[in-house]
Amino acid sequence: MRVGLTYDLRSDYLKAGYSLEETAEFDKEDTIDGLERAITAHGHQVDRIGHVKALVERLAKGDRWDLVFNIAEGMRGIAREAQVPALLEAYDIPCTFADAGVLTLCLHKGYTKAVLQAAGVATAPFVVVEREADIARVALPYPLFVKPVAEGTGKGITPRSIVKSEAALKPTVLALLKEHGQPVLVEPYLNGREFTVGLLGSGSSARTVAAMEIHLGDKAEPGLYSLSNKENYEDRVTYTIATDALAREAERVALAAWNALGCRDGGRADLRAGSDGKVYFLEVNPLAGINEKTSDLPIMWRMLGRKYEDLIGIILDEAMGRVKR
C-alpha cells in the first residue's frame, strides 16, 4: 500500500523566522524518520509529502495515495489541524486519526468541554473569555487556571496560569488574549493527581492503553504541566503507569470523552483530580505526538514493554478499515 506522510517540520518554520514557542507542536526530523521506518516495517511504501501547502501542490499535480498518515498540526486558526484532513476528504483519500470536523471541535477546548458537559462526562465548569468585557462573567472559585483556548503542547501555560485572586485575573487574561490572539479558557484549578490516558480505536472498538501519571520534580515549574516542563521533561518530570482506583476512573472518563467526541485510531486525553477526589476531563488530543522517545503516547506504550512499530501498526490497521478496495 502507498502511504503518504504529512507533517510540519519544526526546522522549516524556524528557518522561516517563526519562534520556538510558535513551533512547539511541530515535529523534528527524528520523528519523521522513525515513523517512516515503522510504516515501512509493515510492508508499505512511504511517500513523504510534508505540510499542507506541499500537499496542495502534490494533489494539483495529480498525486494520490491509498492512505495518508497525517501528523500535520497546521500554523494558523482554530481549524489548523483540520486543513490536511479536509483536503484529503475532498479528494476521497482516507487518512489516519480524526476527521476534519472532530479535529476542529477538539482543538477549541471550550467547544470540547461544552459537548462533554452535554454528554454527561465529568469536566470542570468553565468560561471562555473572548474580550475584556467577558471577564466580568467569571464567577468561579479561586484559584483559577487560565490558558489559550486552542493551543497544544502546553503553549501559553506558565506559572502565571494559576490565578489566585480576582485582582490577578484581568491582567493575566488580557496578556494571554494579546499574546496568542485567541480566546482564553478559565476554569477552577484542580490540585490533585494528573493523568494522561492513551486511547486506540473508535466507537465500540475504542479502548484505553493505560493511565500514565505525571509527577513534577523539584526542578519543574510547580503545579502545572507547562510548555517549559514538557520541553525539559527529562530533568523535571517522571512518569508512572497507574493502576489504582483513581487511575481506572481516569481511564473510564477518558474513554467516555473519546467516544462522545468521535475520535478515532489513536490519541490521548488529559485529566486531573480535584480537591473532592474526583477525576475531571481537561482536554483531548486526537492528533497526539508520535515521536518514539519523547511523546506521551509512545512513552506509555514503551513503559508497558511494547514496541513502537506495533503501536504504529495498530493505528494503520484502524485507518485501513476506511480504505476503499
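**Close-up views of the predicted model**

**Figure 1. Contacts of glutamate 25.** Beyond its neighbours within four places in sequence, glutamate 25 is in contact with Glu73, Arg80, Glu81, Glu151, Gly152, Thr153 and Lys155. The model shown here and in the following views is predicted. Glutamate 25 belongs to the loop between α1 (10–15) and α2. Its relative accessibility is 12%, so glutamate 25 counts as buried, the limit for that class being under 20%.

**Figure 2. The second largest pocket.** The space in the second largest pocket amounts to about 350 Å³. Its lining comprises 19 residues, of which Arg76, Glu151, Lys155, His180 and Gln182 are the closest to the centre. Sorted by class, the lining of this pocket holds nine charged, six polar and four nonpolar residues.

**Figure 3. Packing of helix α5 against helix α6.** Helix α5 (residues 100–107) meets helix α6 (residues 109–119) at an angle of about 100°, and their axes are 5 Å apart. The two helices are therefore roughly perpendicular, a term that covers angles of 65 to 115 degrees. On the α5 side the contact is made by Leu105, Cys106 and Leu107, and on the α6 side by Lys109, Tyr111, Thr112 and Val115. Five of the residues in this contact of α5 with α6 are nonpolar, one is polar and one is charged.

**Figure 4. Packing of helix α6 against helix α10.** Between α6 and helix α10 (residues 245–261) the angle is about 105°, with the axes 10 Å apart. This angle makes α6 roughly perpendicular to α10. Thr112, Val115, Leu116 and Ala119 of α6 are in contact with Ala257, Ala260 and Leu261 of α10. The contact of α6 with α10 contains six nonpolar residues, one polar residue and no charged residue. Thr112 and Val115 of α6 also take part in the contact with α5.

**Figure 5. Lysine 113 in helix α6.** Lysine 113 is part of helix α6. Because its relative accessibility is 0%, lysine 113 counts as buried. Apart from residues up to four places away in sequence, lysine 113 touches Thr123, Ala124, Phe126, Leu185, Glu187, Phe281 and Leu282.

**Figure 6. Isoleucine 39 in helix α2.** Helix α2 (residues 29–40) contains isoleucine 39. With a relative accessibility of 0%, isoleucine 39 counts as buried. When residues up to four places away in sequence are not counted, isoleucine 39 touches Val3, His44, Val46, Phe69, Ile312 and Leu316. Isoleucine 39 and aspartate 310 are 271 residues apart along the chain, and their C-alpha atoms are separated by 9.8 Å.

Figure 7. Most residues other than glycine have a negative phi, and most peptide bonds are trans. The peptide bond from tyrosine 142 to proline 143 is cis, its omega being near 0°. Proline 143 lies in the loop between β4 (127–129) and β5 (144–148). Aspartate 92, although not a glycine, has a positive phi of about 60°; aspartate 92 is located in the loop between α4 (83–90) and α5. Aspartate 265, likewise not a glycine, has a positive phi of about 75°. The loop between α10 and β11 (266–273) holds aspartate 265. At a relative accessibility of 0%, aspartate 265 counts as buried.

How values were computed:
Residues are numbered from 1 along each chain as its sequence is written. This is a predicted model: local features need pLDDT of at least 70, side-chain atom pairs count only at pLDDT 80 or more; totals for chains, interfaces and linings use all residues. Side-chain values use heavy atoms; hydrogens and water are left out. On a 1 Å grid over the protein atoms alone, a cavity is a set of points where a 1.4 Å probe fits but cannot get out, and a pocket is an open set with protein on both sides within 12 Å along at least five of seven lines; lining residues have an atom within 4 Å of a point. Grid points are joined across faces, edges and corners, and a volume is the space filled by probe spheres set on the points. Ala, Val, Leu, Ile, Met, Phe, Trp, Tyr, Cys and Pro count as nonpolar, Asp, Glu, Lys and Arg as charged, and the others, Gly among them, as polar. Axes are lines fitted to C-alpha atoms, for helices over the stretch in contact, and angles run from 0 to 180 degrees between N-to-C directions. Helices (H or I, at least four residues) and strands (E, at least two) are DSSP runs, numbered from the N terminus. Angles under 35 degrees count as roughly parallel, over 145 as roughly antiparallel, 65 to 115 as roughly perpendicular and the rest as oblique. Contact means heavy atoms within 4.5 Å. Buried means under 20% relative accessible area, exposed over 50%, partly exposed in between (1.4 Å probe, protein chains only).
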